[in-house]
Amino acid sequence: MSSSDTGPPAEPAGALPVVAPQLRALRRRASLTLEAAAREAGLSPAHLSRLETGQRQPSLPMLLSLARIYGTTVSDLLGETAADRDPVVRAGDMESTEAGGWTYWQAGAAGRGMQALRVRVPHGSQGDIVRVHPGEEWLYVLRGRLRLRLADTLHRLGPGDSAHFDSLTPHRIAASDPDGVELLFVHTLLQSPTAALCLGPIHGDTT
């Protein structure tokens, strides 16, 4: 049912060295077995085990899914902290992180009920993965053109366009331009057994 196990090749060992122990620690903190967490994430236990032991690095969509399942943020998964929850994030303090071909920058403070990111999605990356999870998502196109599919409707967005939707609606995003697309992205963080339902690829939408 999930395409996660057949995603991009593993990134070089050590690309995100802190992710593996954090994934394991946060899963245990959520009182989830390896099998239960893998089932909720749409992964095989073997695949999640490889993530937890550093043999494979997760993509950004996978990090977002695991963060929802564990009731935490991508910042926590990466071992990042925000001193005293500073409400202001300075441009010079935003360090980029690459995961599964996506590049993102934290645009909000850790430990909040919403997570704000600036995301760069390359052309052809993760465009076949359909997500369904509780909560809401809001995105704003900064640069490039975006294909956003919500259920059976395909929306084409350009710079300055935005979308705000219930994320229980099956959705996926992909860059239309060879240079990719850059977004502001905000989503709610909810822990739920259906937090990372992945429906896999839908064929026939290549425009």
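Here are some friendly questions and answers about this predicted model.

Me: How do α3 and α4 lie to each other: roughly parallel, roughly perpendicular or oblique?
Reply: Helix α3 (residues 45–52) and helix α4 (residues 60–70) pack at an angle of about 95 degrees, and their axes are 14 Å apart. Angles of 65 to 115 degrees count as roughly perpendicular. The two helices are therefore roughly perpendicular.

Me: Which residues of α4 make the contact with α3?
Reply: Happy to take this one from both sides. From α3, the contact uses H47, L48, L51 and E52. By class, the residues of this contact are five nonpolar, one polar and one charged. On the α4 side they are M62, L66 and Y70.

Me: How many charged residues are in the contact of α1 with α3?
Reply: Helix α1 (residues 19–29) packs on α3 at about 120 degrees, with the axes 7 Å apart, and the two are therefore oblique. A20, P21, L23, R24 and R27 of α1 meet L48, L51 and E52 of α3. Five residues of this contact are nonpolar and none is polar. The number of charged residues is three.

Me: Is E137 buried or exposed?
Reply: E137 sits in strand β5 (residues 136–143). Its relative accessibility is 5%, and buried means under 20%. E137 therefore counts as buried.

Me: Which side chain makes a polar contact with the side chain of E137?
Reply: Beyond its neighbours within four places in sequence, E137 is in contact with residues including R68, F165, S167 and H187. The polar contact between side chains has a distance of 3.1 Å. The partner is H171.

Me: How many residues apart in sequence are the parts tied together by R145 and D177?
Reply: The side chains of R145 and D177 meet in a salt bridge of 2.7 Å, N to O. R145 lies in the loop between β5 and β6, and D177 in the loop between β9 and β10. R145 counts as partly exposed at 48%, whereas D177 is buried at 17%. The pair ties together parts that are 32 residues apart in sequence.

How values were computed
Residues are numbered from 1 along each chain as its sequence is written. This is a predicted model: local features need pLDDT of at least 70, side-chain atom pairs count only at pLDDT 80 or more; totals for chains, interfaces and linings use all residues. Side-chain values use heavy atoms; hydrogens and water are left out. Helices (H or I, at least four residues) and strands (E, at least two) are DSSP runs, numbered from the N terminus. Buried means under 20% relative accessible area, exposed over 50%, partly exposed in between (1.4 Å probe, protein chains only). A polar contact is a pair of N or O atoms within 3.5 Å; within protein, one must be able to donate a hydrogen and the other to accept it, and residues adjacent in sequence count only if both atoms are side-chain atoms. Contact means heavy atoms within 4.5 Å. Axes are lines fitted to C-alpha atoms, for helices over the stretch in contact, and angles run from 0 to 180 degrees between N-to-C directions. Angles under 35 degrees count as roughly parallel, over 145 as roughly antiparallel, 65 to 115 as roughly perpendicular and the rest as oblique. Ala, Val, Leu, Ile, Met, Phe, Trp, Tyr, Cys and Pro count as nonpolar, Asp, Glu, Lys and Arg as charged, and the others, Gly among them, as polar. A salt bridge is a side-chain nitrogen of Lys or Arg within 4 Å of a carboxyl oxygen of Asp or Glu.
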